[in-house]
Amino acid sequence: MIKAATHESIQEAAEMIKSGGVVAFPTETVYGLGANALDGQAVAKIFAAKNRPSINPIIIHVSSREDAQKYVEVDARAKGLMAAFWPGPLTMILPRKAGGGVSELVSAGLDTIAIRMPNHPVALELIRCAGVPIAAPSANASGEPSATTPRHVMDSLGQRIPMILAGGACSVGLESTVLDLSGDVPVIVRAGAITAQDLEEYLGDVSYDFGNHDKPKSPGQLLKHYAPSIPVRLNAVDVEEGEGLLAFGSTKFMGVKTGGFANQWGDAKFKNLSEGGDLIEAAANLFTMLRDLDNAENKGIAVMNIPDVGIGIAINDRLKRAAQGR
Ligand code: TXA
Ligand code: MG
């Protein structure tokens with residue numbers, strides 16, 4: 001059931017979390033499917049609802065920097081980043097703190113825990129009311145594009161979860177940047193709105209490892225992700241028969257192989273991530289537009305080139321995985 005987020009409905013959701021249930025809730029990145037991170041049976045319900053492989057660990061969400069120290073070992077680097085970027089779309093992978101009580105299921109047996117403090121009033125109030133850290137992956141069935149509106153959550157998981165707290169569309173629209181701080185060299189294992197450049201101000205050199213090899217740093221890198229049910233074709237310079245178009249920037253010269261111009265099509269076949277070529281706007285629209293174009297009128301989705309700079313790196317990462325299919 002979708003419920004508008006109010007103090008009452010947030011309180012109700014917090015009670016459900018406390019008593020071992022799962023609830024979907026908004027964050028600034030994407031909707032999360034939350035459960036008490038200290039309760040293994042509750043966390044197991046997340047894996048079941050999403051059909052998530054049990055090897056894939058889950059991020060825990062806290063409502064303050066101080067609370068983070070209860071569950072993970074916070075070194076000077078992490079402390080600096082928390083001061084600079086929390087609340088916000090930065091997840092840090094840190095050593096699990098002995099006695100912190102986070103369920104082993106959350107970290108899928110690893111000795112690290114991924115943690116963040118979301119920048120969304122509903123998420124923060126929910127965590128505070130529940131009084132426990134909330135384990136939450138994106139609120140979509142495993143493999144699908146992440147949910148950035150209550151409607152997406154409903155379409156994807158509505159039959160499997162009791163409650164969706166609705167707080168509008170997510171402002172960032174892409175999952176958080178995941179930074180592995182468990183070793184000496186900081187490594188970005190998932191690109192997001194906070195870029196390597198942003199982090200380098202605080203850390204010196206930061207490297208990337210998106211796991212396109214056989215020893216990935218983050219189990220999630222192994223898995224198929226973000227994929228619509230129809231094929232996605234990248235860097236399209238024209239549109240082939242049967243395809244819909246996901247555009248970026250000017251579409252003046254975007255021809256259709258069978259004749260005509262894609263920008264004269266209706267809404268079911270043509271979407272523009274950002275007419276003005278703004279990457280932040282494009283990120284916020286990405287998952288919604290991929291879902292919208294995944295309809296009966298299209299046999300596939302052609303996607304125009306997106307510049308590989310700033311948050312464009314994160315957009316391209318998601319698109320490449322989407323293009324690998326389900
Ligand atoms: O923005 C976000 O991060 C959203 C919202 C709800 O906070 N959550 C999200 O969770 O995207 P999820 O489960 O869809 O992605 C978490 C990623 C996965 O790729 C997982 O493998 C990785 O983080 N991860 C989690 N814990 C880890 C750990 N201890 N070590 C390495 N990777 C980890
Ligand atoms: Mg996910």
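In this predicted model, the side chain of H61 has an N or O atom 2.6 Å from an oxygen atom of ligand 1.

| Residue | Atom of ligand 1 | Distance to a side-chain N or O atom |
|---|---|---|
| H61 | oxygen | 2.6 Å |
| T112 | nitrogen | 3.1 Å |
| R116 | oxygen | 3.0 Å |

How much of ligand 1 does the protein cover? On its own, ligand 1 has 680 Å² of accessible area, and the protein covers 97% of that. Around ligand 1 there are 23 residues, of which T29, R52, N56, H61 and S176 come nearest.

Now let us turn to a sheet further along the chain. Strands of a sheet can pair in parallel or antiparallel fashion, through backbone hydrogen bonds. Here the pairing is parallel: four strands make up an open sheet, and their order is β12-β17-β14-β16. At its edges are β12 (232-233) and β16 (270-272), each of which pairs on one side only.

For a closer look at one pairing, take β14 and β17. Strand β14 covers residues 243-247 and strand β17 covers residues 300-303; the two run parallel and are joined by four bridges.

Helix α8, made of residues 279-293, lies across β14, β16 and β17. Relative to β16, helix α8 runs at about 175°.

Technical notes: Residues numbered from 1 in each chain as written. Chains lettered and ligands numbered in written order. Predicted model: local features only at pLDDT ≥ 70, side-chain atom pairs only at ≥ 80, totals over all residues. Heavy atoms only, no water. Pairing = 2+ DSSP bridges. Contact = heavy atoms within 4.5 Å. Axes fitted to C-alpha atoms, helices over the stretch in contact; angles between N-to-C directions. Near = heavy atom within 4 Å. Polar contact = N/O pair within 3.5 Å; in protein donor to acceptor, adjacent residues only side chain to side chain. Areas by Shrake-Rupley, 256 points an atom, 1.4 Å probe, with all protein chains shown as cover.
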